Amino acid sequence: MKKVLFSLVVAVAAFTSCSNGPSAIEFNDAIVNANAKIAQQQIEYDSKLTNAIESDSYSALKVENDSALARVDREIAIIKEMGIAKGGEAFKESALTTFDAVRKLIEVGGKFSTLTENSTEEDFNKLIEEYNAQMNDYSTKVDAMGGIQAAFAKDQNYDLR
């Protein structure tokens, strides 16, 4: 009896340790957590960029840019390395595409640090246009990710809250 019970415990442990990835909820929560951190980073960076534009002082922006990119890259790496829950391929890909859009947005913001007293209004306006275009791209990708997340949740039979 003890041998059968021990064998059963070993078999169950082996089966559960060979799972194909995180549960749907763990998977969702990891992406949501990374998204929250990246979105907060973007909001903070955008505020600093706005302050730099309003004060016409871009010298400190390079340091802020590098710091923001490092934080975003850290979250992207976590999601890239994470296993995929059953049916979660599109959600993970959408999340990574969205996070990359934030990264590109911050990269464009970093271009403001190249402005000097010799820069023209046209130089400034080009950067504003590029930043706004990238912001629109990011917003579109966030919306798409929300739809993909909802479809994933529905397929996995859980409610998003």
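This is a predicted model: local features need pLDDT of at least 70, side-chain atom pairs count only at pLDDT 80 or more; totals for chains, interfaces and linings use all residues.
Side chains of opposite charge can pair when their charged atoms come close. In this model the count comes to 9 salt bridges.

Lys-37 pairs with Glu-75. Their closest N and O atoms are 3.9 Å apart, which falls within the 4 Å cut-off for a salt bridge. Lys-37 sits in helix α2 (residues 24-55) and Glu-75 in helix α3 (residues 61-81), so the contact ties together parts that are 38 residues apart in sequence. Lys-37 is partly exposed, at 45% relative accessibility. Glu-75 has a relative accessibility of 9% and therefore counts as buried, because buried means under 20%.

Asp-73 and Arg-103 also form a salt bridge, with an N to O distance of 2.5 Å. Asp-73 belongs to helix α3 and Arg-103 to helix α4 (residues 89-110), so this pair joins parts 30 residues apart in sequence. Asp-73 is partly exposed, with 30% relative accessibility.

Glu-130 lies in helix α5 (residues 121-155), while Lys-111 lies in the loop between α4 and α5. The two residues are 19 apart, and the pair links distant parts of the chain. Glu-130 is partly exposed, with a relative accessible area of 31%. Lys-111 is likewise partly exposed, at 36%.

Key
Residues are numbered from 1 along each chain as its sequence is written. Side-chain values use heavy atoms; hydrogens and water are left out. A salt bridge is a side-chain nitrogen of Lys or Arg within 4 Å of a carboxyl oxygen of Asp or Glu. Helices (H or I, at least four residues) and strands (E, at least two) are DSSP runs, numbered from the N terminus. Buried means under 20% relative accessible area, exposed over 50%, partly exposed in between (1.4 Å probe, protein chains only).
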